[in-house]
Amino acid sequence: MESNELGQKLNEILKLENEPVAIKWSVSEPKNIAKEEGKSRFCGKLEKAMKGEIFYATLEEEECMGGARYSGLKGMDEYPANVQSGAFMVPKGLYKSIPAVQRSRENETYINPGIFNAISFAPLNKAEFEPDVIFILCNAKQGMEILHANAYDSGSHGLGADATPICSSMAATPYMTGKVTYGFGDVAARQNMGINPEDIMVSIPGSDLSRIVSNLSQMRTKMFFKEE
């Protein structure tokens with residue numbers, strides 16, 4: 001089953017209100033997808049794709065330091081000292097001190113810079129490319145069912161992500177670990193995207209999509225997951 005068909009099936013089973021987003025990293029700029037017009041933050045690109053837009057972006061279209069760094073489009077050594085130290089985040093209230101920022105960064109995931117030059121975004125049900133990661137904004141029950149579907153045939157546990165930027169926790173982490181990842185997003189992304197207080201996030205590695213959709217279908221025939 002193609003990715004767009006799997007996206008449609010996922011929507012049908014879980015009754016998702018938000019379209020899952022297909023994300024793909026590319027060494028070169030894709031030929032069959034339009035380039036994003038203007039600049040936006042990585043989280044803004046996810047929002048655009050949830051609303052139906054299909055596009056790719058390069059470093060030129062990324063307006064957020066975190067979005068560029070965590071997605072692998074720009075190395076940390078290319079930023080000024082106050083960004084490298086994290087000092088700019090202290091007055092914003094994200095951390096109390098520079099040491100706290102530095103300790104946090106030791107546990108954050110990013111894609112190594114210098115490899116990829118473009119990232120494609122599309123609603124999963126319209127994607128004509130094989131996604132590396134699928135980002136899903138959903139309610140807690142829908143997220144729970146995805147995690148059960150991940151464990152259904154494998155016994156695998158998802159990774160819990162805390163308040164690190166979603167370009168790290170919901171994109172780079174599932175890409176680099178190959179594991180289903182769930183979390184709540186960071187305060188900046190939630191504000192920028194206008195996310196409802198009750199919404200959570202789950203990201204699925206592209207290689208697990210078919211298995212998880214198939215498992216969700218099977219689970220619907222079982223006692224705990226039958227629809228009333």
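In this predicted model, 7 strands form an open sheet of mixed pairing. The strand order is β2-β3-β1-β4-β7-β6-β5. Strands β2 (55-57) and β5 (159-161) stand at the edges. Each has a single partner strand, so one side of each is left without a neighbour in the sheet. From one strand to the next, the twist averages 25°.

Helix α2 (residues 42-50) lies across β1 (21-26), β2, β3 and β4 (133-138). Its direction is at about 35° to β3.

Strand β7 (residues 200-205) is largely enclosed by the rest of the structure, because 6 of its 6 residues are buried. Both of its faces are covered. Ile200, Val202 and Ile204 are buried on one side; Met201, Ser203 and Pro205 are buried on the other. Strands β4 and β7 run antiparallel and are joined by 6 bridges. Across this pairing, Ile134 stands opposite Ile204. Strand β6 (residues 181-183) also pairs with β7 in the antiparallel sense, over 3 bridges. The bridge partner of Gly183 in β7 is Met201.

Asp199 is placed in the loop between α8 (187-193) and β7. With a relative accessible area of 10%, Asp199 is buried. Asp199 and Asn139 are 60 residues apart in sequence, yet their C-alpha atoms are 5.0 Å apart in space. Leaving aside neighbours within four places in sequence, Asp199 is in contact with Leu137, Cys138 and Arg190.

Helix α7 (residues 166-177) is mostly covered, with 9 of its 12 residues buried. Among them are Ile166, Met170, Ala171 and Pro174. Cys167 is buried too, at 6% relative accessibility. The closest cysteine sulfur to that of Cys167 is in Cys64, 5.7 Å away. A disulfide requires the sulfur atoms to be within 2.5 Å, so the separation of 5.7 Å is too far for a bond. The count of disulfides comes to 0. Just after α7, Gly178 takes a positive phi of about 70°.

The count of aromatic pairs comes to 4. Phe55 and Phe121 form a stacked pair, at 5.4 Å centre to centre and 25° between the planes. This pair links distant parts of the chain: Phe55 is in strand β2 and Phe121 in strand β3, 66 residues apart. Both Phe55 and Phe121 are buried. The pair of Phe116 and Tyr175 is edge-to-face, because the ring planes are at 85°, with centres 6.1 Å apart. This pair also links distant parts of the chain. Phe116 is in the loop between α5 (98-105) and β3, whereas Tyr175 is in helix α7, 59 residues away. Phe116 counts as buried at 12% relative accessibility. Tyr175 counts as partly exposed at 27%. Together with Trp25, Phe116 and Tyr175 form one aromatic cluster.

Lysine side chains also lie over aromatic rings. Lys48 lies over the face of Phe55, at 5.7 Å from the ring centre. Lys74 lies over the face of Tyr79, at 4.4 Å from the ring centre.

Conventions. Residues numbered from 1 in each chain as written. Predicted model: local features only at pLDDT ≥ 70, side-chain atom pairs only at ≥ 80, totals over all residues. Heavy atoms only, no water. Pairing = 2+ DSSP bridges. Helix = DSSP H or I, 4+ residues; strand = E, 2+ residues; numbered from the N terminus. Axes fitted to C-alpha atoms, helices over the stretch in contact; angles between N-to-C directions. Contact = heavy atoms within 4.5 Å. Buried < 20%, exposed > 50% of the residue type's maximum accessible area, 1.4 Å probe, protein only. Phe/Tyr/Trp six-rings, centres within 6.5 Å; stacked < 30°, edge-to-face > 60°. Lys NZ or Arg CZ within 6 Å of the ring centre and 35° of its normal.
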